[in-house]
Amino acid sequence: MAKNKTVFICQECGYESSGWLGKCPACSKWNTFAEERQESNTHASAWQPAQSKPVSLEEIKTDSEQRSHTGMKEFDRVLGGGVVRGSLILVGGDPGIGKSTLLLQICDTLKTDAGILYISGEESASQIKLRADRLNVKRRDLFIVSASNFEAISAMILAEKPGLVIIDSIQTIYTDTISSAPGSVSQVREVTAALMKMAKSTGITVIIVGHVTKEGAIAGPRVLEHMVDTVLYFEGDRHLSYRILRTVKNRFGSTNEIGVFEMRDTGLAEISNPSEMMLSGRQENVPGSVVVSSLEGTRPMLIEIQSLVCPTNFGVPRRMATGLDYNRLTMLMAVLEKRVGLQLYNYDAYVNVVGGIKLDEPACDLGIAAAVASSFKNMPVDAGCVLTGEVGLTGEVRAVSQVEKRISEAMRLGFRKIIIPEGNMKLAGQMKNRGQFGIIAVSNIQEALEIIFESA
Ligand code: TYD
Ligand code: MG
């Protein structure tokens with residue numbers, strides 16, 4: 001008989017150890033180990049005779065990928081064009097961000113071969129009904145059940161044979177085969193593995209909700225991310241109404257695609273024009289405000305960056321970056337000091353990306369540097385101008401990807417000109433129907449700042 005051993009498992013990353021540890025050697029997090037019983041060794045790599053024999057690539061028959069549209073273009077875009085039949089999708093996000101709302105909403109419009117089974121371990125059926133009424137979800141073949149035992153759930157799924165199963169949330173579901181508490185790494189891993197097998201063998205699509213820890217990882221397990229087909233994160237500032245759905249992993253499409261939504265009192269509304277929303281309420285022609293073009297997946301977004309530079313009152317100047325990388329900001333300020341000669345060393349600098357967006361594209365460098373310079377010189381940047389370009393340590397402005405898309409977006413939103421890197425000029429120069437729209441190429445940051453501030 002197998003011995004019942006206990007192991008200590010890091011609840012962040014799933015690292016196993018025979019004794020308790022204060023700090024996880026794998027992910028370096030403190031105080032994350034919990035004792036769990038190691039059950040019969042089902043995962044041991046016992047050699048099993050192959051049940052299926054290898055087939056040559058040519059002979060494999062496939063039905064072409066069957067996708068169904070969710071009825072929300074933003075959601076489809078994130079998935080790479082709709083939900084793939086028989087896939088396992090994980091939707092992660094902070095509590096209260098709107099995961100349950102989003103999934104209940106797509107139930108109304110998603111096309112499936114059979115009904116939808118919505119399993120909630122968090123809310124009662126009547127609570128979900130109340131929410132559905134509020135969201136105006138009226139699907140006939142949507143079945144709601146409040147359950148958390150996996151054996152009961154799987155029996156239900158096999159009996160009902162729905163087209164889609166939604167599990168809200170994976171942390172509340174437990175299987176009897178494991179004695180650890182619901183939400184522990186072993187439980188979450190076991191249940192997800194079972195769901196994956198079920199999805200693949202029956203062709204039922206499964207969407208699971210996963211909570212996110214304070215640190216922002218899906219609770220428990222990065223292990224989980226490896227197991228599922230698609231990982232989506234639902235993020236946004238709780239104090240602001242818009243939400244961003246982001247692909248982190250996708251076996252059926254590109255990653256880094258985003259969908260933008262707004263939380264209203266009638267549920268989530270799609271925002272197909274995020275740039276317009278980000279730029280609304282912008283004060284024009286004030287020093288320190290600059291519009292940059294950032295590419296989120298395949299979609300260009302125009303975003304305002306604000307900066308405030310003022311003399312330091314204490315010995316060490318303060319630098320603060322909200323929505324962008326702090327180290328990137330200090331690097332750009334060092335470039336401004338050394339290559340342009342702006343004496344920023346006894347000035348505080350606060351830089352903020354408007355709307356709570358996080359920018360990590362190097363193409364925003366030129367805009368960030370211009371915002372700092374604009375506030376420092378107390379000279380506004382032309383409100384009709386968009387900036388794009390990566391800044392290197394020697395002050396050179398380097399080419400960015402997909403410049404045509406960025407230019408088109410700036411033109412569409414009524415801007416008058418764009419400053420781009422010299423390296424992109426060849427492609428940009430071939431663009432047709434530019435009309436009065438100005439495209440200005442710069443090769444280094446001094447040149448860019450001269451152009452910006454002479455016209456202002
Ligand atoms: P919810 O979907 O329950 O979040 P999660 O499942 O990610 O924990 O969203 C709850 C929040 O959304 C709650 O704070 C209220 C807000 N909300 C609206 O603003 N409008 C609505 O129509 C609904 C249903 C929720
Ligand atoms: Mg919820």
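A polar contact is a pair of N or O atoms within 3.5 Å. The legends below describe a predicted model.

**View 1. The chain is divided into three parts: domain 1, domain 2 and domain 3.**
Domain 1 covers residues 4-39. Domain 2 runs over 67-272. Domain 3 takes in 278-455. The C-alpha centres of domain 1 and domain 3 are 45 Å apart.

**View 2. Backbone atoms of Gly98, Gly96 and Gly267 meet oxygen atoms of ligand 1.**
A backbone N or O atom of Gly98 is 3.0 Å from an oxygen atom of ligand 1. For Gly96, a polar backbone atom lies 2.7 Å from a ligand oxygen. For Gly267, the distance from a backbone N or O atom to an oxygen atom of ligand 1 is 3.0 Å. On its own, ligand 1 has 560 Å² of accessible area, and the protein covers 74% of it.

**View 3. A shell of 16 residues surrounds ligand 1.**
The closest residues are Gly96, Lys99, Ser100, Thr101 and Arg264. What classes of residue make up the shell? Six are polar, six are charged and four are nonpolar.

**View 4. Tyr15 and Phe33 form an edge-to-face pair.**
The structure holds three aromatic pairs, and Tyr15 with Phe33 is one of them. Their ring centres lie 6.4 Å apart. Why is the pair called edge-to-face? The ring planes stand at 90°, and planes over 60 degrees apart count as edge-to-face. Tyr15 sits in the loop between strand S1 (5-10) and strand S2 (16-17). Phe33 belongs to strand S3 (residues 33-38). The pair therefore ties together parts that are 18 residues apart in sequence. Phe33 has 8% relative accessibility, so Phe33 counts as buried.

**View 5. Phe234 and Phe261 form another edge-to-face pair.**
The ring centres of Phe234 and Phe261 are 6.0 Å apart. The planes of these two rings stand at 75°, so this pair is edge-to-face. Which strands hold the two residues? Phe234 lies in strand S11 (residues 230-235), and Phe261 lies in strand S13. The two residues are 27 residues apart, and the pair links distant parts of the chain. Both Phe234 and Phe261 are buried.

Terms used:
Residues numbered from 1 in each chain as written. Chains lettered and ligands numbered in written order. Predicted model: local features only at pLDDT ≥ 70, side-chain atom pairs only at ≥ 80, totals over all residues. Heavy atoms only, no water. Near = heavy atom within 4 Å. Polar contact = N/O pair within 3.5 Å; in protein donor to acceptor, adjacent residues only side chain to side chain. Areas by Shrake-Rupley, 256 points an atom, 1.4 Å probe, with all protein chains shown as cover. Nonpolar A, V, L, I, M, F, W, Y, C, P; charged D, E, K, R; others polar. Domains from an automatic or database assignment. Phe/Tyr/Trp six-rings, centres within 6.5 Å; stacked < 30°, edge-to-face > 60°. Helix = DSSP H or I, 4+ residues; strand = E, 2+ residues; numbered from the N terminus. Buried < 20%, exposed > 50% of the residue type's maximum accessible area, 1.4 Å probe, protein only.
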